[in-house]
Amino acid sequence: MVHITVPDWVVHKPDERTKRTTIYSVSVHPDGTRIATGGLDTKIRIWATAPILDEDAREPRHLCTLARHTGAVLAVRFSHSGRYLVSGSDDTVAVVWELDESAAPTSFGSSEPALEHWRMHRRLPGHTSDVTDISWSESDTYLATVGLDSLVIIWSGDTFDRVRTIRGHHGFVKGVAFDPTELFLATSSDDRTVKVWRTHDWGLEASISDPFRSSPSSTFFHRLSWTPDGKFLLTANAMNGPVFVSSIVERYTWASDLALVGHEHAVSVAACSPQWFQRGDQPPVSVVALGAQDQTVSVWVTGIPRPLLVARDLFERHVMDMQWSADGYTLYACSSDGTVAALAFDASDLAPVAPDDVLATARRQLGAVPRARPAVRQAPPQRPLAPPILHAHPPQRLVQTITRDQHGKRRICPTPVGASPAVTTTMPNIPTEPPTLVSWPRPDPRTRFFDTHRTPLEPAHPLDVDLDDEQVMDDISVASSQTYTQDGIEGVLEVRNDAHSAEIAWVAHERVRWVDYAPCAVLCAAISPCVVCVALCDHTLVWYTHHGRRTASMMLGVPTVKLAACGPYVAALGRDARVRWWHAQQRVALGDVPLPRDSVAAMYIHTNGVPVAVLRRRQCIVALDTKTQAFVCIGHAALARLSTSWDVRLRQGAHAPVRQAERVLNDALATQTMEPERGVTPVRVLTATIRHLEMRMQAAELLESAGEYREALHALATVLATEGLALQADDLLRSLLGPMYYRPDAPAWNPCVLGMPKRELLASVLTTMQQHRRLDTLVHGVQHVLRTLASDAT
């Protein structure tokens, strides 16, 4: 008989005095010893499973808390190897965590006690809105994230570099799942489609829309799942007329003729057990769990017309996520009511697990290429704790038949429901090309393109090439294959290197538009809507148009370490630690400025043509001041660790280049600790906050961001007024007021900054300071001076 528990100690809440908050996601470690949960409290918590499954277990319950996100954690997923845990949040970032057995147990970013240490391995920026779901491929080769920005981003499961950004949806994307054969990726969106993408070229294989034409858009998640062999795709948020269903999509035909019916509200998550089950000589079967907004979980077995189990009133609110353990017998589910439930089956409930070779044969018949699944990395043994405290109230809250066995353990009997007829649907029409949005004549359909069936790039590996260079900066790694993309550009630059030559190709809409060949390897490249630029090992910098016309071949004298492009601007960082940049369309050199010798983690160009670079060893980000022809620090990790104003969240649609620069610094230094050292005094925190806000104002001037200048100015005024720092406040107000009387020997004073009159800014700053009342004497005095100057001017 299935054993259902709802432990009341698995909870997300800031402290003991507050109510439990929503748990959005749950994931099971492949060894089955722990689960991870993500919640509204912005934290990921790791829990041991033994005390969940056995109330008498004397093992520790809570193992670790990870608190690096600044928004609610909407998705958590362990890799199949168990080495990594990935979390996605509404702060727009996915974070890769790695279990570090060598370090002392700590709760990353949290003051809560911990029994094991998960360190942040890497941040994955790329989304501009909430990251709603995550999926690993079967061999951990790829990682997919989706979000409310309608994007599907594919990452390398090894290096965690971005592989491809897919922009095929026109609504919030709320579910993603890799096919177990690793040939397809399925995504579900509020645009009322489920799309299937080929993994060899990331092109669209099918778009299924019939089951979703009347689907509600209010469903928080559309988490979907494949059967263990990959033959069927189980979808969420489908409809059959007025009935809420989970539609079953058949592989290759992509027909949706079957559905699981019975839930009273929209299905938000479908989860297939990763194992096949088989009794004797009978055909193997799959087990599927559905969670819905009707607070119910149902479990189905293929070949049986009604559900094996319906757990009604399991939760008080919507089911948010579900995942099976690797052995296929235990299902974990979480809800927006802030609880987690475990449904433990055994072989008598389902069947014995089918042999691995049976499932492997079925996958090969569907086209799977045999790959070694990553070995499960066993988590370290947990430290014993004192006997657990027995709670006065039982953890179960189920309105069902509850019995006790001879040992006093509770058992909940499943409640089956009747069967429903299958759903008949038709195959959707699949568009072959997106509509064109320009009035330029379309190319003749007989136009010849390059090889359409282009083989995908092989995994990159280092090459030994001769740079013909005696300069010393960083060692340059030349990869055998490279791809370059940019948001808003419909095309990809592909580079294939060998030791003595390179192929450069532009691929758009799955067709090779043009190709060029270089006599030596490509070091790096960059693209923008105006130019494609490529740096070669022989110190040549080549510029192309997007149609493949070569417009320049410049000999720089040194190899190029980094390239960046934005609009018409191109910047090249040479191995001599000098940054050279140009206006590509006007063919004009804009400067040649030395950069401090350092490891440059990232470089890009702002829209006004200012080069920006992240220096890894100095842990700072610098931007070029075109007036002084020198690089200026606009962000530093030392301030990020202490400043209370450090916040790299981006509001959608907002123009925030300074915040974007700080976010680039955050991402580039993700593998280094960004946590403040212990014993930091409040004075150091206050000083760091003031210096950070002053640096933000300087950065806003360089990057021409008037809104961020005004925001940083008012934040600085608030800090000075709150702390009563009269000397610093006086200096700030004087800089905005300017000279009260004309003096011929006084330096020139610009009455505006970024187009904003300084004295108008002063008036608004005085209003901000006045609210805190600690600098009233200074504020009233300056207001009087301002009124006097205004009356004299009139």
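1. Arg223 sits over the face of Phe221, 3.7 Å from the ring centre. This is a predicted model, and the values here are computed from its coordinates.

2. The count of aromatic pairs comes to 16. Among them, Tyr84 and Trp136 are stacked, with 6.4 Å centre to centre and 10° between the planes. Tyr84 belongs to strand 7 (residues 84-89) and Trp136 to strand 10 (residues 131-136), so the pair ties together parts 52 residues apart in sequence. Tyr84 is buried at a relative accessible area of 7%, and Trp136 is buried at 6%.

3. Tyr142 and Trp202 form an edge-to-face pair, because their planes are at 85°, with ring centres 5.2 Å apart. Tyr142 is in strand 11 (residues 142-147), while Trp202 is in the loop between strand 16 (193-198) and strand 17 (204-208), 60 residues apart. Tyr142 is partly exposed, at 23% relative accessible area; Trp202 is buried, at 8%.

4. One aromatic cluster is made up of Phe184, Trp226, Tyr252 and Trp254.

5. Thr65, in strand 5 (residues 62-66), is buried with a relative accessible area of 0%. Its side chain makes polar contacts with the side chains of Arg45 (3.4 Å) and His62 (2.8 Å).

6. Mean pLDDT for the protein is 83, and 83% of residues reach 70 or more. Residues 383-399 stay under 50, with 38 contacts beyond four places in sequence in the model. Residues 414-452 also stay under 50, with 57 such contacts. Where pLDDT is low, predicted coordinates should not be read in detail.

Terms used:
Residues numbered from 1 in each chain as written. Predicted model: local features only at pLDDT ≥ 70, side-chain atom pairs only at ≥ 80, totals over all residues. Heavy atoms only, no water. Helix = DSSP H or I, 4+ residues; strand = E, 2+ residues; numbered from the N terminus. Buried < 20%, exposed > 50% of the residue type's maximum accessible area, 1.4 Å probe, protein only. Polar contact = N/O pair within 3.5 Å; in protein donor to acceptor, adjacent residues only side chain to side chain. pLDDT = per-residue confidence, 0-100. Contact = heavy atoms within 4.5 Å. Phe/Tyr/Trp six-rings, centres within 6.5 Å; stacked < 30°, edge-to-face > 60°. Lys NZ or Arg CZ within 6 Å of the ring centre and 35° of its normal.
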